[in-house]
Amino acid sequence: MSSESLPISGLAGLETKPRPTWIEVLHEWLVTVDHKKLGIMYIVYALVFLVVGGVEATILRIQLAIPHAHFVSPQVFNRMFTMHGTTMIFFVAMPVLFGFANYLVPLMIGARDMAFPRLNAFSFWLTAFGGLLLYFSFLGGDGLYGAGSTPDVGWWAYAPLTSVAFSRGHSTDYWTISLLVSGFGTIGTAVNIVATVLSMRCPGMTLGKMPLLVWLNLVMSGMLLFTITPLTAAQLMLMIDRYMGGHFFDTQAGGSAAIWMHFFWIFGHPEVYVLIIPCFAFVSEIVPVFSRKPIFGYPIMVAATVCIGFVSLSVWAHHMYTIGMTSYENAFFVLTTLAVGVPTGIKIFNWLGTMWGGKIRYELPMMWCLGFLFQFLIAGLTGIMLGAAPFDWQLGNSYFVVAHFHYVIVGGILFALFGAFYYWFPKITGKMLDKKLGHWHFWLFLFGFHMTFDFMHIPGLLGMPRRIYTYEAGRGWAIWNLIVTIGVFFQAVAVLMFVFNMIHSYFRGRVAGNDPWDAWTLEWATSSPPPEYNFAVIPEVKSRRPLWDLKHPEDPDWKYE
Amino acid sequence: MRPHETHPKDQVELPAPTAWPVILAFGLTLVFAGLLTSAAVSALGAVLTLAGCVGWFRQVLPVQQHEMVPAPHVAEAAPVVTETPDVARMKVFRDFHRARIPIEIYPAAAGVKGGLAGSVAMAVLACLHGVISHGSIWFPINLLAAIVFQNSLALPESYINSFHPLLLLVASLLHIVTSILVGLLYGVMLPMFPRRPIILGGLIAPVLWSGLLYTSLGIINPLLDQRIEWSWFVASQIGFGVVAGLVVVRQQRVKTRQFMPLAVLAGIEAPGILEEKDERSEEK
Amino acid sequence: MRSTTWAVLAGALFSRLAPAEASLPTNIFAPVSTPAQLVHGLSLFVLTVTGVIFVVVFSLLAYSAIKFRRRPDDDGREPFQIYGSDQLELAWTVIPIIIVMVLFLTSARVIHTVQDARKPKSAIDVTVVGHQFWWEFRYPQYGFVTANELHVPVSDPKHPTPTYLKLLSADTDHSFWVPRLAGKTDLIPNHPNEMWIDPHETGLFLGQCAQYCGTQHAKMLLRVYVQSREDFDAWVRSQQQAPAPVSPGDAAAGQRVFQSTACINCHAVSGTNANGKFGPDLTHLMSRSTIASGAVPNTPANLRGWIGNPETFKPGSLMPAMNLTPKELDEVTTYLLTLH
Amino acid sequence: MTLPQTMPAAPEAWTLPSKGRVAMFSFIVAETSIFTIFVVAYLFYLGKSLSGPTPRQVLEVPIFSTICLLSSSITIHLAVHYLRQAKYAAFKLAWFLTFALGAIFLIGTGIEWNKLITVDGLTISTNLFGTTYYSLVGLHASHVTGGLIALGIVLALALAGKVNEKHEHHLDVLSLYWHFVDAVWVVVFTVVYVIGR
Ligand code: HEA
Ligand code: HEA
Ligand code: CUA
Ligand SMILES: [Cu+2]
C-alpha cells in the first residue's frame, strides 16, 4: 500500500529518523504550532481532567449515598462540587471539543493548518495554564477552612456570596482569575476557527459544500465570540469589587445581586449550546457514514443550527425563573426557551431521516451516536419541562435540574464524544481501537449512566435541592441517592477501560489505513495519521462528499446538489 | 493565495514551530497568578510577557518564519477506494419522465391560502354561534383570548359578551397564526394522501384534534372549557378542515397525483427522482 | 369532571410518587395549597405532552434503528441516497411550533395566576428574612419575631385566608421552598420578593433553603405548621407575650451568664436587655421542636451541646463556640429551657 | 481514482475573504460584547448610587479629547490610503498624527480623572457611579492604550524606513481596530456624558 511509503512526521512516522530523546519529544510538543498536535494536546488535557472531575464527582456521590454521612466535611463537599462543575465545563468539555475542532476543521476543508497557527498554540497554552492555576488553589494560601484556597462558591459564583464579606481569602479569586485566563484562550480559538473556515477552504468548497462538522464549529465559534466576553466582563467587575472596593454587586451600596445572575447566564446558557453543537457535528458526520446515506436535509440542518445559535442568545433567564422577575419577563423567557426546541427537534428528525432507509452498520461510533439520539431526546424534553416556568418553580435548583443537565451532558455530549473517539482515533493514530474493549466500555458506561442519571430525577421530584452536603432521612431520598451513587462506579470502570483501550491500541492496535470506515469527507483521503502538511496537494472539491464522488463516479453528488 | 504552492512540488512550506506562544501564555498567567500569591510572581510574569510579545512579533513580522517540509510526489498518494461501489437507485423518475406531469409541488403557498380560507370559515361559524346562543359576536372571540387570562373563570357574563379591543387583537392573532400553521400542515400532508384528502383533512383531522382538546382544554383555557358547546365547536373545526382542504387540493391538483409513489408525494429528493444537473451549468 | 378523571389517571400513573405523606413530605406531586396546585396541574399537562412526544419519537428512532440495519444477506449496494424533503421538513417544523404555542400560552396563564394574584384583606403577612443559615420570621400585624418554624392558619378555599410572605435577605441569596405549599421563590439582598400560600389542610410541611448560600446551606431547613384558626390565634398570643420572670436558682444564674456573655450581642429575648439581631430570637425558643433551623431536635441535651460547640451539629454555622465552663453551660441551658 | 487534486491552470477565481480582516472582525464582535455589558451596567446603575457625587455634579463633557480621537480615525484612514499609493512621507505624517491624537485623548482622560479624584473625591470605590464610570471609561482607555502601543511600534518602524506597501494589509487590519475603538467611544460618550448627566 502506498501509504507506507509516504514520509510522515506525525506520531507513527518516527521510524524513519533515529528515536528522539524524551527531552526532544517534550520540546517538540511545547513549541509546536501544528493544529494536529495542538488538537491532540487539547484532547489529552481534557481526558486527564475528565478523570479528575470524575474523582470529584465520586467523592460527592459517596458523601451523598446515605443521609448524614461523614465522608467529607461540608467545606470540602462545597469545594468539590464547585471544582467538579468548573473543571468539567471549562477544562474538560471545552478543551476536548476545541481539540477535535482543531484537528478536524483544517483537514475537512482541505487546508494545511489553521489560519493563525501561533495564535492556536497561544490559545491552547492559555487554556491549559488557566486550568493548572485553578488546581493550584489546592496548594496556594491557607484560606479560611484549611483545605487550601479552592473555590467553594458553585460554578456560577453568585453574588453576594463572592463578595469579600462572605468569601474571605482567595478562593473566589482562583475561580475568577483562572477562568479569565482560559477565557482569553477561548476567544483566540474562536477567532481562529472563524478565520480558518471563512478564509482557508480549498477550491470549490463553497460554504454550502462544507461538511456539517465545519459548519457547526463555525456556528459554535460565532456564538462564543458573542457569549464568552459577558463572562469576562462580569469577572472583571467582580475583581474590581473584590480588589478595588467597587460596588458592582455590593448590595449594601445599592448594587444588585441579580445583575450578576443576568451577566453570568447571558454567558452560561449560550455556553451550553456551544458545548452541544460540536457534538451535533460529530453525530452529523458519523450517522450518515454508518447509515450509508447522506445527511438528510443538509441546508435545513445548517439553518436550524444557525437558528439555535441566535435564539439561544435570548433565553438565559430561564435559569432565573425563581428570582422574582415580573410575570411578563418570565413569560417572555418561557416563549424563547420553548422556541429553541423547534430547531433542535428538526435536527433530531433529520438524523432520523438519515437513518431511515439506510443500511445501518452498528460499529462502535454508531452505537454511541444511537445512545446520543435517545438520550438527547429525553434530556431535551426534561429541559422543556424546566422551560415551563411554573414547573421550574418546583423543579428549579433541585436534583431534577442536575439530572437534566447531566443527561444532556453525559448522555449527550460524552456519548457523542466517545463516538467521535472511536471514529477518528484511527485517523489520528493510524490504529483501530480494540473492539472488544470498546464494547465493554459502551455497555458498562451505558448501564452506569442510566443507573445514575435516570434515577437522579426522582429526588428532584421529591423535593431535594442542589448543593447540599447531606440530607434528612425521612424524605424518601435516601434509596435513590444510593442507587445513583452505585451507578458511578460502573461509569468509572468503563472510563478506565476506555483509557486503557486508547493506550493499548496506540501501541498494538490493528493498522487502520487511510479510510477504515469507507467515509466521504476529505480527512479520509490522506494517510492515517496525516503528514504534517495534511495533503500533498491542496484538493479541489465539487460536492459535499468529495470521496463519494470519487468512489461512485457514475453517481456523484454534484449532479444532484 | 497559498504561498506553499509556489514552491517545488516536493517541498511544502509550513509555519515554523516556536516557543514564544507558550512563553507569552505562561507570562500572562503569572501576571494574574501574582494577584493570588505575591507581587514577585506578577513581576516575573510581566517580564515573560514582554519577552513573549517581542519574540512573537519577530516570528511574524516583517515576514513569517517558516520551515520547509518534504512532501511526496503526487502520484504516490494513496488511492481512494470503497468496498461498495454500486448504489441503489430510485427508478421513479424514468417512468414519469415522459408523462410530463409537473412534479413540483408548492406546499407552502397552497397551505397558507388554505389556512386563511379555513380561518374565515371557522370564524363565521363561531361568531354565528355567538350571536345565536349569546346574542353577541364578541362571545367566542373573548373566550379564545381568555387563554392568557389569569382567573378567567371569575369574569362576569357581561364582560365576556362585550367588545374589548385588546382581546380582539389577541384572539385574532392566535386565530390567524394557528390557522396558517395548520393550513401549512395541510399543504404539506394532504398531497401525500391523494385518494381522499377531503375526508382526511375535512373530517378526520378536525375530529381528532377536537378530541385532543376535549381532554386538555381544562388546563389550556379554563374559561373556554367551561363555556364551550362541543357540537358547535366541532362543526366550526370541520368547517375549517373542509374549506382549507378544498383550497389546498384545488391548488395542488392532488387528485392527478394518485399514481405517484409516496416518495414523490412526500417531496423526497434523491437521484432517480431529482433531475440531474447539467455538468456545465453546475458550478455552485 | 374531565379534569378530575384526568388527574386521577395521571395520579395513577405517578402512583409511586403519590403521597404517602409521612414518607414523602416534600413530594411536589402532593400539593395542598393553591400555588402548588396550579403548578401541579400545569406540570401534569407538560408531562403528558412531552410524554407523548417522547413515545412517538422514541418509537420512530427505535423502529428505524432496528428495521434499517444492515442484514447479513445484504447485497453489497449502497442504499438510495436521499438528500432531503422540504415537505417533510415543513411538516415537522409546523407541528412542534403548534405544540410550543400551546405550552407557552398555558404556562403564561399559570404564571399570571400565581404571580399577579390580588391580595385579599384577610391575608396574613409574614416578613421572611434569610440569614446564613437560619430563617427569621416577622409578623408585623401581630408585632413579634420568631425564627426557623413558621406558623400559618389553614385557608378555606371558599373564604381564603392566604399568607403572604415578603422575602428579604440579610446576607447572601437564599430560597424558600416548601414543595407541598408552593414553588420556590428566592430571597435576594436588596431585591424584595413576595410569594403566597393558602394551605387547605392542617399539618406540618417540610422544606429547605434551595439556593446555595454558603457552608451550611444543607441545614437551613424549613418547618411550616399549618394550624386551624383557633390554634393559630393561640400560638400568636403566646408569641406576643414576654417571658415570665425567671425563678431564682440555676435559671437565674443562667440568665446572668447569658446576659454577661456575648449571647446578647447576637440574640434577642424580649423583655430583657438582649436584643441582638445577628442570631435567632430566643424569646420562645422552647416553642420550637428543632434548633439551628432543623439541624437537631430541641432537647435539653442538644441545646447544651449546641451552646457548648455549634460545630458539632452544624460545622460552619456562624455561631461561635462560646467557651463556657460546664457549670455555666448547665445554667444557661436551664435558663433557655424556661423560654417557652 | 485518486484525490481530485488539480489546481486549475486558469481557474475561475477562487477568492476567499482575507483572514486578517475576518479575524479582526471576529475579535471586534467579542469586544463589542464586553463593552455592551459594561454599558448595560452603567445604564442600569444610573441614579442608583446611595451617596456621593452624581454625574451632573462632576462630569465635564470632554469635547476636545473626543474631537481628537474621532479625527484620528480620519488620519489613520488617510495613512493607509497613502501607503497603498506608496506616498511614504504622507503616510508617516498621517500615522504620526493618528498616534498623537490618540495620545492627546489619553492625556485628556488622565487629566479628567485627576480632577475627579483629587478635586471631587470620586474614586472607583466611592459609589455606584464611581465604580461604573471608571470601569467603563477605563476599559475603553485600556483599549486605546493597546492601540497606541501598536500604533507606536508601527510609527517607530515607519520612521526607521521599514514599512512599505507590502504591509498595507496588516495596517489596514490595525486601522479596523482603531476605528472600532473610536466607535466605542461614540457610544461611551453618549451614554456617560449625554444620557447619564
Ligand atoms: C449541553 C447542554 C444543554 C443543552 C443542549 C440544554 C438544552 C435545554 N435546556 Fe438545559 N441546562 C444545561 C445544559 C443544557 N441544556 C445545564 C448545564 C443547566 C444547569 C446549569 C446550572 O444551573 O448549573 C441547564 C439548565 C436548564 C434550565 C434551568 C433549570 C433551573 O436551574 O431551574 C432550563 C430551563 O428552562 C433548561 C432548559 C433547556 C431546554 C428547553 C433545552 C432545549 O434546548 C432542549 C431542546 C430539545 C428538545 C425539545 C428535544 C428534541 C425536540 C423534539 C423531539 C421536537 C418536539 C419538541 C417540542 C415541540 C418541545 N435547562
Ligand atoms: C461536562 C460536564 C460534567 C460532567 C461530564 C459531569 C459528570 C458527572 N457529574 Fe456533574 N456537574 C457538572 C458538570 C458535569 N458533571 C456541573 C456544571 C455541576 C454543577 C456544579 C455546581 O453546582 O456548581 C455538576 C454537579 C454535579 C452534582 C451535584 C452536586 C450538588 O449539587 O451538590 C453531582 C451529584 O451527583 C454530579 C455528579 C456527576 C457524576 C456522577 C458524573 C459522572 O458522569 C462522572 C463520570 C465518571 C468518571 C469520568 C470517572 C472516571 C474516574 C476514574 C477513572 C477514576 C476512578 C476513581 C475512583 C473510583 C475514586 N455532578
Ligand atoms: Cu440559605 Cu441555602
Ligand atoms: Cu439554559
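**Notebook: copper site, chain contacts, domains**

I looked up the distance from the copper ion (ligand 4) to the iron atom of ligand 1 and noted 4.6 Å. The model is predicted, so local features need pLDDT of at least 70 and side-chain atom pairs count only at pLDDT 80 or more, while totals for chains, interfaces and linings use all residues. Residues are numbered from 1 along each chain as its sequence is written, chains are lettered from A and ligands numbered from 1 in the order in which they are written, and side-chain values use heavy atoms, with hydrogens and water left out.

I found A:His269 (ND1), A:His318 (NE2) and A:His319 (NE2) coordinating the copper ion (ligand 4) at 1.8 to 2.0 Å. Their spacing along the chain reads H-x48-H-H. A:His269 sits in helix α7 (residues 257–291) of chain A and A:His319 in the loop between α8 (298–311) and α9 (327–355) of chain A, so this pair ties together parts 50 residues apart in sequence. I took helices as DSSP runs (H or I, at least four residues), numbered from the N terminus.

I then checked accessibility (buried is under 20% relative accessible area, exposed over 50%, partly exposed in between; 1.4 Å probe, protein chains only). A:His269 is buried at 4%, and A:His319 is partly exposed at 32%.

For chain contacts (heavy atoms within 4.5 Å), I noted five touching pairs, with the most contacts between chains A and C. Chains C and D share no contact, and their closest C-alpha atoms are 12 Å apart.

Last, I read the domain assignment of chain B: domain 1 (11–70) and domain 2 (104–255). The C-alpha centres of these two domains of chain B lie 67 Å apart.

Terms used: Donors = N, O, S within 2.8 Å, 3.2 Å for Na, K, Ca; no water. Helix = DSSP H or I, 4+ residues; strand = E, 2+ residues; numbered from the N terminus. Domains from an automatic or database assignment.
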